[in-house]
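Reader: Hi! I'm new to this one, could you walk me through how some of its helices pack?
Author: Happy to, let's look at it together.

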Amino acid sequence: MNTIKNLLSPLTATNNNPLQDTLKLVVIGGTMETARRASVSAWNGFIDSFFLTAHFSQEDYPYDWLMHWLSKQPAWGRSREFDITTRSVSRHGLTQSTSGDLEDEDEDEHEVILGGHKKRKVALMPSLDTTHTIYYRGHWLRITRSKRFQEYGSYGELKISVVARNNDIIKKLVLEAKREYEKDAEHRVHIFMADTTYGCWRWNGARQKRPMSSIVLEPGVKDMILADCKDFLCSEDWYAERGIPFRRGYLLYGVPGSGKTSLIHSLAGELGLDIYVVSLSSKGMSDNTLSSLMGNVPSRCILLLEDLDAAFTRGVSRDENSTGAPTSSSSSSTSTAKNKDESNDGSTLSLSGLLNSLDGVAAAEGRLLFATTNHIERLDPALSRPGRMDVWVNFKHATKWQAEGIFKCFFPAKSSTNSSSAISAVSGKAGDDPASQEGLAVPKRKQNTRAIPLLTEEEISDLAKRFADAIPEDELSVAALQGYLLRNKTRPRECVDEVGAWVIQERETKAQLKKEKEEREAKEKKEAEAEAQKNSNALKTKEETSTAGKSKDGNAKAEQPSASTESCNATGEKTTQESSDPEAEINNNIEADIEGSVTSEEDAEQAPKDSEEASTSTKEKWVAVKAQPPDQSV
Ligand SMILES: Nc1ncnc2c1ncn2[C@@H]1O[C@H](COP(=O)(O)OP(=O)(O)OP(=O)(O)O)[C@@H](O)[C@H]1O
């Protein structure tokens with residue numbers, strides 16, 4: 001006691017110096033605070049030494065699995081500090097379903113529709129940076145949700161701490177969360193979009209799976225593609241043994257609204273794969289960006305290059321290594337303006353960059369590449385050769401067979417109304433479910449079928465036949481037929497009676513649009529010519545003025561630039577003509593390619609690298625398919 005007194009005496013002894021007293025207080029206060037902090041951190045360190053801590057970043061899948069798992073835990077929903085949200089908590093699009101939802105008691109849990117509008121669901125979400133304790137398999141888990149800020153955005157993070165001897169409990173938790181997530185996500189396809197600014201993938205939403213039966217193509221085509229995809233996905237060893245890159249490409253080409261994109265979504269659902277979408281013509285796309293995107297594609301997925309031809313008319317710049325694919329004639333006239341655009345939006349993707357990204361060393365293995373285009377003639381042969389695009393499928397306007405099929409899809413017969421072939425289009429609900437917007441998806445939800453007459457199978461068959469008879473072969477797109485049927489979704493009989501008039505109306509509209517387009521193009525051409533003439537005249541006048549007053553020799557020399565300007569124009573015209581010639585040539589090549597695999601092998605012989613891949617792939621047959629019955633496909 002005396003010792004302590006002695007120690008503190010210099011501090012406690014009273015003296016009359018106020019400065020000394022203040023100093024004493026500062027020293028005492030500082031010492032006590034330091035001691036407090038040291039003891040707290042020692043205690044935390046002691047406690048933490050018993051805890052195992054796992055971190056889960058939103059950038060990776062386990063975060064989603066755990067958020068999904070947590071959303072089902074009653075304790076998570078009972079949090080005393082929470083945010084209220086109408087947003088989905090994770091990629092699977094499920095909000096807290098068990099304890100956290102705010103629901104009216106008289107509302108159906110899944111079908112919340114008022115006056116045709118889907119009512120938003122509201123969920124409770126534990127606030128950021130608060131810790132929650134959940135009991136799991138004999139352990140108390142301490143869970144904290146936080147946000148991490150990076151230079152290119154913010155990411156959610158989960159921290160789970162548990163007192164345990166080893167990490168078995170965390171492993172069990174993650175596996176259980178994964179199983180539950182996959183079970184619930186079974187009916188959805190996840191879409192990821194390329195973010196060209198940061199060269200990474202961004203989750204874009206989960207779509208309801210679209211059944212293959214809702215895609216109406218000529219018999220055999222869907223089955224052929226599905227079988228080919230399945231065969232590829234289970235042939236990894238086969239490819240490895242032969243040293244062939246484990247990749248497969250599908251080129252879906254043809255008229256707009258014929259089901260190319262829909263088929264890909266449907267296949268993704270059937271195969272249980274996510275879709276990674278990249279638009280080559282998007283702003284900021286460069287060789288490096290594309291390469292890093294391709295390097296980050298997971299091994300099992302569908303990689304979708306949409307509107308491949310758009311890359312050639314806008315985003316992809318031709319380079320010296322290019323095989324010389326043509327630009328479209330329409331694009332050639334405006335190429336200067338487009339080049340300007342390219343430089344402005346930072347799109348510096350070259351063809352060699354694109355090819356390298358698709359099958360260079362960094363390209364992902366095991367992915368199914370799907371490319372769609374409305375203008376196959378604009379594609380570079382190097383891009384569409386076997387090895388890059390192994391299967392070609394031509395999508396045409398609707399045939400009578402397709403018209404009959406799509407009619408039956410829209411109006412299921414009495415006996416099958418409750419079966420899985422019932423169609424959401426008839427439910428009359430619009431909303432944020434993209435599958436329902438597609439018109440043909442089959443959600444397992446309550447259907448509002450009150451207004452739709454239920455017809456017998458015979459009557460539906462009869463109506464479908466009459467409908468198909470009225471549809472001209474290969475003239476209207478399936479999307480157009482779908483639009484007409486959607487407008488008549490509650491009037492199957494009238495829909496058939498009126499289809500003839502609709503076809504006439506469609507023809508008239510098409511003719512009108514064509515006429516307007518031609519007139520517009522002619523006007524634009526005229527204006528461009530007038531502008532060119534004006535520029536050329538102005539240049540001539542300028543040159544003549546500048547040379548006026550010079551010597552005869554000088555005048556003679558001065559005329560030369562004018563002549564050379566004309567020759568420039570002439571060359572320009574010639575160049576334009578030349579650039580359209582290869583297009584025709586390539587058209588022919590591609591046509592020949594489509595006709596049979598023999599031509600493709602000949603092509604492959606010309607390109608040594610190509611032939612290596614093509615010749616070794618006896619199994620990897622190049623199927624050139626027109627969307628026709630299988631007996632007509634090569
Ligand atoms: N063969 C088809 N079977 C069923 N539905 C189809 C078919 N073709 C088109 N549709 C419908 O038409 C709409 C447009 O189809 P989709 O987007 O798949 O066409 P696309 O060929 O990809 O068009 P684009 O070339 O313009 O991208 C979708 O709502 C789809 O349901």
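This is a predicted model: local features need pLDDT of at least 70, side-chain atom pairs count only at pLDDT 80 or more; totals for chains, interfaces and linings use all residues.

Reader: Great! How do the axes of α9 and α13 cross?
Author: Helix α9 covers residues 287-295 and helix α13 covers residues 351-359; their axes cross at roughly 10° and come within 9 Å. An angle under 35 degrees counts as roughly parallel, so α9 is roughly parallel to α13.

Reader: And which residues make that contact?
Author: From α9 there are D287, L290, S291 and M294, and from α13 there are G353, L354, N356 and S357. Sorted by class, the contact of α9 with α13 has 4 polar, 3 nonpolar and 1 charged residues.

Reader: Switching topic: what about α15 and α17, at what angle do they cross?
Author: At roughly 140°, with the axes of α15 (residues 400-410) and α17 (residues 457-470) coming within 8 Å. That angle makes α15 oblique to α17.

Reader: Is that crossing left-handed or right-handed?
Author: The crossing of α15 and α17 is right-handed. On the α15 side, K400, A403, E404, F407 and K408 meet I460, L463, A464, K465, F467 and A468 of α17. This contact of α15 with α17 has 7 nonpolar and 4 charged residues, and no polar ones.

Reader: Nice. Last one: which residues of α18 are buried?
Author: In α18 (residues 478-487), V478, L481, Q482, Y484 and L485 are buried. They sit on the same side of α18, because they cover an arc of only 160° around the axis.

Reader: What do they pack against?
Author: The buried residues of α18 pack against α15, α19 (492-497) and α20 (499-547).

Terms used: Residues are numbered from 1 along each chain as its sequence is written. Axes are lines fitted to C-alpha atoms, for helices over the stretch in contact, and angles run from 0 to 180 degrees between N-to-C directions. Helices (H or I, at least four residues) and strands (E, at least two) are DSSP runs, numbered from the N terminus. Angles under 35 degrees count as roughly parallel, over 145 as roughly antiparallel, 65 to 115 as roughly perpendicular and the rest as oblique. Two residues are in contact if their C-beta atoms, placed from the backbone, lie within 7 Å. Ala, Val, Leu, Ile, Met, Phe, Trp, Tyr, Cys and Pro count as nonpolar, Asp, Glu, Lys and Arg as charged, and the others, Gly among them, as polar. A crossing is left-handed if the near helix is turned anticlockwise from the far one by less than a right angle, and right-handed if clockwise. A residue is buried if 20 or more other C-beta atoms lie within 10 Å of its own, exposed if 12 or fewer, and partly exposed in between; C-beta atoms are placed from the backbone. The arc is that of the directions from the helix axis to the C-beta atoms.
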